[in-house]
Amino acid sequence: MTASLFSSFRLGDINLPNRVVMAPLTRNRAGPGNVATPLIAEYYAQRASAGLIVAEASQVCPEGQGYEDTPGIHTPEQVAGWRLVTDAVHAAGGRIFLQLWHVGRISHTSLQPGGVAPVAPSAITAEAKTYVAGRFIDTSAPRALALAELPGIVESYRLAARNAIAAGFDGVEVHAANGYLIDQFLKDAANHRTDAYGGSIENRARLLLEVMQAVIGEIGAARTGIRLSPVTLVNGISDSNPQPLFNYVVEQLDALQPVFIHMIEGVTGGPRDEPAFDYAALRQRYHGAWIANNGYTAAMAEAAIANGQADLIAFGRPFISNPDLVERLRQGAPLNELDKKTLYGGGAAGYTDYPTLAA
Ligand code: 8OZ
């Protein structure tokens with residue numbers, strides 16, 4: 001039988017009943033203390049028919065927060081909140097990873113402990129917005145991390161991975177995409193360092209690889225994935241020569257054997273074909289599961305799986321408005337429209353009230 005979007009897939013130690021992944025989606029609905037709530041548990045449980053859910057980006061430490069009301073995974077209360085979510089998803093028959101996040105310079109002083117500057121590889125302000133007090137505002141000028149602070153950053157990811165497993169997640173996805181801290185170290189628009197973490201490709205990839213080694217050492221490669229976006233332009237990020245950079249990153253990841261690489265093709269949530277990039281050159285350097293993402297239709301997803309270009313396809317915005325997206329794709333049924341006004345922040349409206357086909 002040839003593989004299809006609706007055939008099963010073995011991911012590390014877990015069986016996925018289909019190849020449809022729910023991409024991580026920031027929704028800004030965490031409760032006080034940036035703790036996941038029963039409403040968040042209901043939202044994810046409604047989407048448990050996904051082959052795999054990657055839950056929304058969650059800060060690994062207080063400094064890693066860049067938007068209002070995003071959940072964390074660094075306090076006991078946050079672990080307890082996430083336990084509601086993982087229990088609800090597992091009870092509904094699903095599988096769920098957590099995305100581990102440090103925003104770096106994509107933040108604002110009002111979100112930082114003590115109101116200080118956000119951290120970054122270099123003191124270069126991002127041309128980007130963040131979301132505070134219900135509106136989009138400019139990101140703050142960051143300060144450059146000292147060399148001596150980098151082991152603490154790596155340690156935050158390691159502890160967050162341990163917390164995610166303690167909260168009942170099946171694994172984690174390290175967020176190394178979309179212009180956040182790890183991507184800021186990777187790319188030369190944001191990294192002007194002259195120490196062992198800047199300059200050469202090897203140096204710029206060092207933090208990413210140290211984080212992956214730490215997380216894999218803590219929870220195992222079978223429970224550790226990573227998300228990359230070689231050419232995205234969101235959050236003011238770019239690199240002058242991304243192909244050799246990402247060829248190297250993926251070769252090094254292959255040696256660490258994370259359970260998947262989750263590849264955002266093109267500009268996140270935008271054009272897929274520009275800037276041009278050879279994703280097949282990356283896939284050919286890596287032997288684990290390959291998740292492709294960005295603007296896939298069901299037909300594109302089937303073709304990518306049939307051609308062996310990907311093992312799994314991640315869908316983002318369609319999962320917001322279609323809790324039963326897998327069934328709709330299977331039937332070729334129409335999709336509910338997304339209400340953009342209720343994307344970020346708020347309560348149940350535009351969150352847990354999108355209807356299923358059955359309803
Ligand atoms: C949209 C709004 C805020 C954050 C990403 C975590 O782009 C995000 C994000 C997306 O990866």
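The model described here is predicted. The ligand takes up the space of the largest pocket, and a second largest pocket holds about 200 Å³ of space.

**The ligand and its surroundings**

- In histidine 175, a polar side-chain atom lies 2.7 Å from an oxygen atom of the ligand.
- Asparagine 178 has a side-chain N or O atom that is 2.7 Å from an oxygen atom of the ligand.

**The largest pocket**

- The volume of the largest pocket, where the ligand is found, is about 930 Å³.
- This pocket is lined by 33 residues, of which Leu25, Asn178, Thr268, Gly269 and Tyr344 are the closest to its centre.
- Two or more lining residues come from each of the elements β5 (96-101), β7 (129-132), β14 (312-315) and α10 (317-321).
- Helix α10 gives the largest share of this lining, with three residues.
- By class, the lining of the largest pocket comprises 17 nonpolar, 12 polar and four charged residues.

**The second largest pocket**

- The lining of the second largest pocket is formed by Glu265, Arg272, Tyr279, Ala280, Arg283, Trp290, Ala292, Tyr296, Met300, Ala304, Gln309 and Ala310.
- The elements α8 (279-283), β13 (289-293) and α9 (298-306) each give two or more residues to this lining.
- The largest share, three residues, is provided by α8.
- The residues that line the second largest pocket divide into eight nonpolar, one polar and three charged.

**Backbone features in loops**

- Glutamate 274 and proline 275 are joined by a cis peptide bond, with omega about -10°.
- Proline 275 belongs to the loop between β12 (260-264) and α8, and α8 is also the element that gives the largest share of the lining of the second largest pocket.
- Asparagine 235 is not a glycine, yet its phi is positive, at about 60°.
- The position of asparagine 235 is in the loop that runs between β11 (224-228) and α7 (242-256).

Notes. Residues numbered from 1 in each chain as written. Predicted model: local features only at pLDDT ≥ 70, side-chain atom pairs only at ≥ 80, totals over all residues. Heavy atoms only, no water. Polar contact = N/O pair within 3.5 Å; in protein donor to acceptor, adjacent residues only side chain to side chain. 1 Å grid on protein atoms, 1.4 Å probe; cavity = no way out; pocket = protein on both sides within 12 Å on 5 of 7 lines; lining within 4 Å. Sits in = over half its atoms within 2 Å of the grid points. Points joined across faces, edges and corners; volume = space filled by probe spheres on them. Helix = DSSP H or I, 4+ residues; strand = E, 2+ residues; numbered from the N terminus. Nonpolar A, V, L, I, M, F, W, Y, C, P; charged D, E, K, R; others polar.
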